[in-house]
Amino acid sequence: MGFNALLVRKDDEGKTSAAVEQITEDQLPDGDVTVAVEYSTVNYKDGLCLGPGGGLVRNYPHVPGIDFAGTVEASNDDRYAPGDKVVLTGWRVGEAHWGGYAQKARVKADWLVPLPEGLDTRLAMAVGTAGFTAMLAVMALEYHGIKGGPVLVTGAAGGVGSVAVAILSALGHEVAGVTGRPETADYLKSLGASQIVAREDINETTKRPLEGETWGMCGCGWRADAGACSGTDGIRRLCRCRWSRGGAGLPATVIPFLLRGVNLLGIDSVMQPYENRLRAWERISQDLPMDKLEAMVQPATLTDLPKLGADILKGQVKGRVVVDVNA
């Protein structure tokens, strides 16, 4: 029996197109566990895989979706049994391997984690890769000695930034949210931001290597990282996530790193070991206020994904998109 999947195809001229099609289970790639997918989400890399590919997709036709949550249907691995609720993020699923934009997925057991207590599959995808990355950033800051004080979150209205604002606020930090979209101010305040900072104001600080000591730490790196660096006080950390719409450039000097002990902490959510994933998801279930998570959610279906993929590449998606693959 067939089921729905969003397939991206590439024609002889190299142009890609995405549409919902019926496929069968024998078309799924090899793997240990077959999952009945319930929800997925939309990330920047999904936008690339839905459209031009961005060098991430090598073989077509392709099913994108770098994360998903659902119920195990069949398993060749003792760790999972039919009926278990599971979550997947990372491991290049949705890029090199078919992903979550289908009603079924088949993956390696090592790529899955059990759904944490306190979350259902819908809320797990409201968190998704973006929220998982945000929690890894918070954990990295804590590991390097940051326990309190003001925090600047750049790209605050995006997926990673939204979850970071909510978590950090719930942990007692005074959060300043940086955004290039002034219309998101009320949204960010509802998540716990006590101050809204215009992105151009942060960018202005890159004219000088050091500014007044304003923020204790910064996170969710975008192009504003350089300006944020110059305004941090001593022995602080800057988390930069692996993928950011603002590009890979960091037009900064070494002065804040040398004179104020700023550390640059790279956050790679893709290849995290299993135990780290369990710890991060447990912290998410404890420290992310579910009412604030709900406030971030934008519902979607498989047919909405081509447009949403284009929108996220333009920076026009706010908060967290939750894709009901069965709707």
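These exercises examine one predicted model. Local features require pLDDT of at least 70 and side-chain atom pairs pLDDT 80 or more, while totals for chains, interfaces and linings use all residues. Residues are numbered from 1 along each chain as its sequence is written, and side-chain values use heavy atoms, without hydrogens and water.

**Exercise 1.** Find the side chain that makes a polar contact with that of Ser162.

Solution. 
- The partner is Tyr187, at 2.8 Å. A polar contact is a pair of N or O atoms within 3.5 Å; within protein, one must be able to donate a hydrogen and the other to accept it, and residues adjacent in sequence count only if both atoms are side-chain atoms.
- Now look at the ring of Tyr187: Lys318 lies over its face, 4.6 Å from the ring centre (NZ of Lys within 6 Å of the centre and within 35 degrees of the ring normal).

**Exercise 2.** Identify and classify the aromatic pair.

Solution. 
- The structure holds one such pair. Phe132 and Trp281 are stacked, 6.0 Å centre to centre with 15° between the planes (centres within 6.5 Å, planes under 30 degrees apart; Trp counts by its six-membered ring).
- Phe132 belongs to helix α2 and Trp281 to helix α8, 149 residues apart.
- Both Phe132 and Trp281 are buried.

Definitions and conventions
Phe/Tyr/Trp six-rings, centres within 6.5 Å; stacked < 30°, edge-to-face > 60°. Helix = DSSP H or I, 4+ residues; strand = E, 2+ residues; numbered from the N terminus. Buried < 20%, exposed > 50% of the residue type's maximum accessible area, 1.4 Å probe, protein only.
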